Amino acid sequence: MVGKPKVVLGVSGGIAAYKACELLRRLTESGHEVRVVPTAASLNFVGEATWAALSGNPAGTEVWESVHEVPHVRIGQGADLVVVAPATADLLAKAAHGLADDLLTNTLLTARCPVVFAPAMHTEMWEHPATQENVATLRRRGAVVIEPAVGRLTGKDTGKGRLPDPEEIFEVCRHVLGRRGPASGAAGPDLAGRHVVISAGGTREPLDPVRFLGNRSSGKQGYALARTAVARGARVTLVAANTALADPAGADVVRVGTALQLREAVLKAAADADAVVMAAAVADFRPAEYAGGKIKKKDGEDPAPVALVRNPDVLAEISAERAREGQVVVGFAAETDDVLANGRAKLLRKGCDLLVVNEVGVAKTFGSEENEAVILASDGTEIPVPYGPKEALADVLWDRIAPRLAPRRA
Ligand SMILES: Cc1cc2nc3c(=O)[nH]c(=O)nc-3n(C[C@H](O)[C@H](O)[C@H](O)COP(=O)(O)O)c2cc1C
């Protein structure tokens with residue numbers, strides 16, 4: 001790539017078009033050259049002047065403007081990434097069927113770079129078989145189609161169909177651009193058609209209505225795994241235990257509190273999963289008894305000891321039972337001493353395919369943006385991953401998981 005990466009931001013006529021202004025700002029401020037290509041319908045929501053002023057480039061909608069520059073082919077040919085946000089039901093249908101009646105649809109046909117669609121529409125439009133078939137067609141052809149979020153829609157309606165937060169769409173774009181091969185264009189979404197389940201965060205085991213036994217896991221590693229998997233084309237279920245992080249675009253987030261709730265959510269989602277990655281810190285023990293009211297201190301009395309009982313071992317359970325033939329199961333081991341020896345023993349004990357071992361401490365790994373780890377495989381290989389962003393570790397892990405996945409189902 002010479003100079004700034006060139007991004008085409010397609011904007012189609014959905015109520016969420018205004019959110020694309022924030023996506024445009026993130027792209028330009030992070031050093032991308034952005035050409036906005038709105039549809040004529042979208043100008044009812046955000047005008048051409050806004051796009052031209054914010055991007056510093058023309059923002060026409062038709063193939064008949066600046067014809068001497070043949071924009072209907074040049075814009076797509078020159079792009080390193082095309083992202084359409086929001087993508088309407090209409091735009092998805094046109095793209096799936098190869099229509100080319102405006103500048104954006106022409107651009108989609110001429111682009112040979114990765115393409116990301118961020119659909120947004122009412123739940124009924126999203127769930128309609130026509131839209132679902134169009135989405136499946138686009139994914140089959142290699143596009144990354146981000147699942148819409150669940151939340152407030154136009155008017156008073158709520159449901160699936162909301163445009164994910166622009167900063168999270170930006171994260172997907174960044175990952176997709178980062179994975180482009182240096183010479184050969186797109187590396188392609190290698191997890192397309194896959195369902196992956198990721199657990200993240202740390203469980204909390206309640207003692208009484210105000211206290212719990214918990215751990216320091218922030219969930220950042222699990223969220224990095226979810227973001228990278230979406231960018232690599234996977235359908236992602238993220239089982240999040242007590243995290244305070246923004247939902248990754250495209251991931252179906254299931255919130256849980258305790259180890260028992262996490263177990264239930266993971267087992268349910270794992271039923272049709274190609275891979276399960278257990279990055280959450282799941283409590284080994286929980287208080288044997290839950291006090292319905294706040295435990296009070298009593299003058300002159302020592303506190304009663306807290307009796308603990310074992311929680312189920314979710315990683316061992318999914319490793320042993322494998323809901324689907326060929327399902328890949330990955331665990332994480334946070335160790336403070338004898339890191340590798342403990343990790344090797346844990347891999348054997350749990351029966352998973354890969355175990356990511358890292359050293360943890362108050363100022364190490366937990367809550368940090370970086371991580372350093374060794375990936376242990378059941379075939380005896382050990383892959384050290386140097387200190388770096390949690391996203392980088394996530395990508396190395398998916399690189400190891402992808403070749404282990406069972407052949408895609410027809
Ligand atoms: C107020 C309003 C909001 C709309 N929001 C959406 C939307 O969020 N998603 C969608 O697919 N269509 C939405 N539509 C319908 C599209 O604007 C319509 O299908 C249009 O033809 C899309 O054209 P385009 O795909 O060329 O941009 C909305 C229409 C109106 C009037």
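Q: A salt bridge is a side-chain nitrogen of Lys or Arg within 4 Å of a carboxyl oxygen of Asp or Glu. With which residue does arginine 232 form one?

A: Its partner is aspartate 395, and the closest N and O atoms of the two are 2.8 Å apart. Arginine 232 sits in the loop between α9 (220-231) and β11 (235-241) and aspartate 395 in helix α13 (residues 390-401), so this pair ties together parts that are 163 residues apart in sequence. Helices (H or I, at least four residues) and strands (E, at least two) are DSSP runs, numbered from the N terminus.

Q: Before I go on, what kind of model is this?

A: It's a predicted model, where local features need pLDDT of at least 70, side-chain atom pairs count only at pLDDT 80 or more, and totals for chains, interfaces and linings use all residues. Residues are numbered from 1 along each chain as its sequence is written, and side-chain values use heavy atoms, with hydrogens and water left out.

Q: Thanks! Back to arginine 232 and aspartate 395: buried or exposed?

A: Both are buried. That word means under 20% relative accessible area, while exposed is over 50% and partly exposed is in between (1.4 Å probe, protein chains only).

Q: Which residues are linked in a network with them?

A: Salt bridges link Arg179, Asp190, Arg232, Asp395 and Asp399 in a network.

Q: And how many salt bridges does the structure hold?

A: There are 25. One of them joins arginine 25 to glutamate 22, with the closest N and O atoms 2.9 Å apart. Both residues belong to helix α1 (residues 19-29), where they are three residues apart, about one turn of the helix.

Q: Why does glutamate 22 count as partly exposed?

A: Because its relative accessibility is 25%. Arginine 25 is partly exposed too, since its relative accessible area is 34%.

Q: What about aspartate 313: which residue is its salt-bridge partner?

A: That's lysine 350, with 2.6 Å between the closest N and O atoms. This pair links distant parts of the chain: aspartate 313 is in the loop between β15 and α11 (314-321), and lysine 350 is in helix α12 (residues 339-350), 37 residues away. Aspartate 313 is partly exposed because its relative accessible area is 36%, whereas lysine 350 counts as buried because its value is 13%.

Q: New topic, the ligand. Which residues come nearest?

A: Of the 14 residues around the ligand, those are Gly13, Thr39, Thr88, Ala89 and Asp90. A residue is near a molecule if one of its heavy atoms lies within 4 Å of it.

Q: Which helix gives the most to that shell?

A: Helix α4 (residues 89-97), with three residues.

Q: Where is alanine 120 found?

A: It is in the loop between β4 (115-119) and α6 (123-127). Alanine 120 is buried, because its relative accessible area is 13%.
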